Amino acid sequence: MDNSIGAQVQVAQVKFFPPLHEQRRSWALDILRRERVTSVLDVGCGEGVLLQHLTHAPPWRAHSASTPAPAVFEKPDFIHVREMHGLDILQDDLSYAIGVTAPSKHGYGWTRFESLDVSIWEGGLQVPNPAFEGIECVVATEVIEHLPDDVLTSFAPVLLGHYAPRLLLFTTPTYDFNTCFSAPGDQSWGFPDPTGRTERVFRHSDHKFEWTMDECEAWCRAAAEEWGYDFTIDSIGRSTAKDPWGRDGDVRATQTVTFRRREGGEWATRRATNYAEWASSRVEGDPHKRLVTHAYEAHTGAEQVASREEITAAIKNTIQDIGASDVTIFEIWREDTVSTLCGGWLEVLLDIITQDPSFLLHKEGKVADDWKVELPGVELRGKNPWQNQAKRDDAWGETSESTDDDTAESYDEDYEEEYDEDDEEYWGESEDAGWVASEGGGWNADDCDINTLKAWAEWKPAPGWIVEAGWE
């Protein structure tokens, strides 16, 4: 009998929770929210997963300089993007991106109080696109390591020099982490460097390089100095499984890089001069092809604030219909009648409830979700639980204008499963909770998700600011 059968064998096992592609997307979304970004270019958008997340309507309008600034908006709550572009070279992925970024025919979700335009483009990043000039943030997750040399040399000049966004966010694998994917001496894992420049083994067959932490920092430092940016490098992706050989360290699977534009006329001139010199020796390729533009239109009531009396009556009716002695701010806002009369501005609702003595507002808890409103002395009338929900006021529209009939392929809107688009199938890793990893090629980008956070602070508006703003 072979006594080796059933013997315990140590193998390398790498687990990420949340899945690594979701951690990447979470990192990008968190910065977009924190920086209050309103326009985004997703380079190497793949199947449009990040863009799809950004199409979701926030429940209220972003605070603007034209309205009084209550402390409740000192911290960002939701992402309020108004313009998005997705760029890639893979036609199959772009066809899917067109579907997932299209306005839903079902009208679920929040009433949209802010318009949004989404354009999907086919083409290489090395070709400048006038439509991207002035974009606020460029995102490129798990893209740069796929680029051949002739495209890689255009990455910084075009994205930082020509478009000059306020922010550039990109992620790339950490080569230093790769030893964790295989047991010592195991030669079967990974893919040899396809360029033949090194003896390294990579995570994906299409990777042209994988940077060490020092190599990534060196590239970023040179790009930042040439194009007038500051940069920070961080990392995400720590394995939840203990390494049998004690190689658990501070190295993470993915490097995250944030470039922030240096402001001032001197830096702007330097960027323009350096780009003109670089572009003078270049031969531009075929221009990008715009495949589709989706237009998400705002509700017609957006920015149209009703009188204080109308809003107050709607709030009271809503509380009575809910039939509870106290209701949360969120429950009141979810009623379209209230939110549309407020013009989509949450601060209008909060101001009226605070100023009107017929309401009692209990500011208990750290977030406004926990704040409760009472309406003393009023008879409550709960809604019949069997009655049909009222249909949303169909006062807004969502349209999609395609520039190429061949790209308008059908898409099953009920299919919402997300999957990893790049490396994980090849890593020999396992992930918790049954997450599935699958392959992508070309510029496919891995992204990650995050639960929307509502950072609402205590606040008290100045009396009568609605009237002073000319809203009543």
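Begin by selecting A164, which is buried at a relative accessible area of 18% (buried means under 20% relative accessible area, exposed over 50%, and partly exposed in between, with a 1.4 Å probe and protein chains only). The structure on display is a predicted model, in which local features need pLDDT of at least 70 and side-chain atom pairs count only at pLDDT 80 or more, while totals for chains, interfaces and linings use all residues. Residues are numbered from 1 along each chain as its sequence is written, and side-chain values use heavy atoms, with hydrogens and water left out.

**Backbone stops**

A164 sits in the loop that connects α4 to β5 (helices are DSSP runs of H or I with at least four residues, strands are runs of E with at least two, and both are numbered from the N terminus). Although A164 is not a glycine, its phi is positive, at about 50 degrees.

Select E303 next, in the loop between β10 (289-296) and α7 (308-322). E303 is likewise not a glycine and has a positive phi of about 70 degrees. With 45% relative accessibility, E303 counts as partly exposed.

Then go to F17 and P18, where the peptide bond is cis, with omega near -5 degrees. P18 belongs to the segment before α1 (20-34).

**Helix α5 and its surroundings**

Select residues 213-227, which form helix α5. From its first C-alpha to its last, this helix of 15 residues reaches 21 Å, close to the expected 21 Å at 1.5 Å a residue (the expected span is 1.5 Å times one less than the number of residues). Colour C216, C220, A223, A224 and W227, the buried residues of α5. They lie on the same side of α5 because they cover an arc of only 100 degrees around the axis (the arc is that of the directions from the helix axis to the C-beta atoms).

Which elements do the buried residues of α5 pack against? Display α4 (149-162), β5 (167-173), β8 (229-236), β9 (254-261) and α6 (265-279) to see these partners. After α5 comes G228, with a positive phi near 75 degrees.

**The largest nonpolar core**

Now select F155, F170 and F259, which touch the most other members of the largest nonpolar core, a set of 35 residues (such a core consists of buried Ala, Val, Leu, Ile, Met, Phe, Trp, Tyr and Cys residues joined through side-chain atoms within 4.5 Å). At least two residues of this core come from each of β1 (39-43), β4 (137-141), α4, β5, α5, β9 and α6. The helix α4 gives the most, with seven residues.

Centre the view on F155. Setting aside neighbours within four places in sequence, F155 is in contact with L125, A140, I144, L147, L160, L168, F170 and W219 (contact means heavy atoms within 4.5 Å).

**Two buried loop residues**

Move to T174, in the loop between β5 and β6 (191-192). T174 counts as buried, at 1% relative accessibility. Neighbours within four places aside, T174 contacts R203, W211, M213, V251, R252, A253, T254 and Q255.

Select H288 next, in the loop between α6 and β10. Is H288 buried or exposed? It counts as buried, at 11% relative accessibility. Between H288 and W121, 167 residues apart in sequence, the C-alpha to C-alpha distance is 6.3 Å. When residues up to four places away are not counted, H288 touches L87, W121, E122, G123, G124, V127, N129 and F132.

Select I329, in helix α8 (residues 329-333). I329 is at 0% relative accessibility and therefore counts as buried.

Helix α10 (residues 346-355) is largely enclosed by the rest of the structure, because eight of its ten residues are buried. These are L346, E347, V348, L349, L350, D351, I352 and I353.

**Last stop: a cavity**

There are three cavities of 30 Å³ or more (a cavity is a set of points, on a 1 Å grid over the protein atoms alone, where a 1.4 Å probe fits but cannot get out, and its lining residues have an atom within 4 Å of a point; points are joined across faces, edges and corners, and the volume is the space filled by probe spheres set on them). The second largest cavity holds about 40 Å³ of space. To locate it, select its lining residues L54, H56, P58, I79, V81, R112, E114, S115 and L116.

How values were computed. 1 Å grid on protein atoms, 1.4 Å probe; cavity = no way out; pocket = protein on both sides within 12 Å on 5 of 7 lines; lining within 4 Å.
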